[in-house]
Amino acid sequence: MLVLAMLCTGAFLTSPTPVQSEANYQTAPVSTTSTGGEATVGGTVIPFKQVTLTAQSPGRVTFLAGAEGHSARAGDVLLQIGDESIQAQRRAALAQIAQAEAALRNAQMQYSRELYAPRTNSMTGIPGMGIPSTFDQFFTRGFTNSIGMTNTTVERQADLYARGVGINQAQSALAQAQANLEALDTRVRDTRSVAPFDGIIINKMVEVGDTVQPGTPLITYAFIEYLRIDAEIPVRLAAGLTEGMIVPARLDVGGATVDAKVAQIFPVADPKRHTVRVKFDLPYDTPGGPGMYVEVTVPDASVPTRNGQAIPNEALIWRGSLPSVFVLEDGKPSLRLVRVGYPLPDGRISVVSGLNGGEQVILNPPANLISGE
């Protein structure tokens, strides 16, 4: 038993002590990227479509669809101006139309009467020589026609022409009354500001009860489901842009970088600032909204191309106000202070100084990580 105990004790004393293995870090290589040959210009995010609705007739605002942010569909009424006086004029125009229609019917009836019962054949048309009307109709008219004092055919044609002129005048009066009604209907329609397309109200300049005159701005309405960038590009940079070109743009919301498409290049430069207005289309569901600041990177042939380093955003840490990264050296983390540049389109961060390229940087380093340990 004593020998067995001694053997067991010896086996315990001679077993190897376990060695703590190196911590496993998630790393990524420092890559080399080309910078330069491009310039960054500032711009403003604008709606894809925007209109300013103005008053077309004087009056008092009686209806307003909503405040800023109110969404509407095409054809919805956004604002209404009182039209009481126009409605009164419209009722008067309807009465004029009814009167003109009655005059037209009367003129047509008189023409039909002259056509089928000519005035020249009337028994009382010519008094005669004291002879009864029947004798006067058959003999006196024939006698006056034969001696050239009258011409029954010419008189009938003149009477028909006069009745036809009466019809034309009645038709013209009716057309004029109808045109007056159409003009009033247009004025009634102008008292309503209707949404020209689907969108939202982004600015309202009046309130219910305000009195407006023609030309007074009422509402700014925009379609913001798609957004654009409006930028003033120097002439030397605009020469390198073509419609349809894709360029990177960095938004002022979280520093996100998106691809922007050159949508329109204005043909004339500003003579004072020597810039060209360029519009860029942004992708659908781009964060932010109209009025937001944005930076667009455009090609610049006057800037030489330089090679630099880039690292994933997850490797960058901030201790105080200095950016730094942990680099693996001989299997141990080593802290490096770096100077960073702009974000790259693929999500990496350019590094101006502090790295040589090819190193392995630690991604998402723990807060208690110490250099050299």
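These legends describe an overall view and close-up views of one predicted model. Residues are numbered from 1 along each chain as its sequence is written, and side-chain values use heavy atoms, with hydrogens and water left out. Because the model is predicted, local features need pLDDT of at least 70 and side-chain atom pairs count only at pLDDT 80 or more, while totals for chains, interfaces and linings use all residues.

**View 1. The whole chain.** The chain has 5 helices and 21 strands (DSSP runs numbered from the N terminus: helices are H or I, at least four residues; strands are E, at least two). Of its 373 residues, 32% count as buried (under 20% relative accessible area, with exposed over 50% and partly exposed in between; 1.4 Å probe, protein chains only).

**View 2. The surroundings of Asp 300.** Asp 300 lies in the loop between β14 (293-299) and β15 (305-311). Asp 300 is buried, at a relative accessible area of 6%. Beyond residues up to four places away in sequence, Asp 300 touches Gly 37, Glu 38, Ala 39, Arg 236 and Leu 237 (contact: heavy atoms within 4.5 Å).

View 3. Strands β11 (residues 246-251) and β12 (residues 257-265) run antiparallel and are joined by 5 bridges (two strands pair if DSSP finds at least two bridges between them). Arg 250 stands opposite Thr 257 in β12. The hairpin has 5 residues between its strands, and Gly 254 in the turn has a positive phi of about 70 degrees.

**View 4. β12 beside β13.** Here 4 bridges join β12 to the antiparallel strand β13 (residues 275-281). Ile 265 has Val 278 in β13 as its bridge partner.
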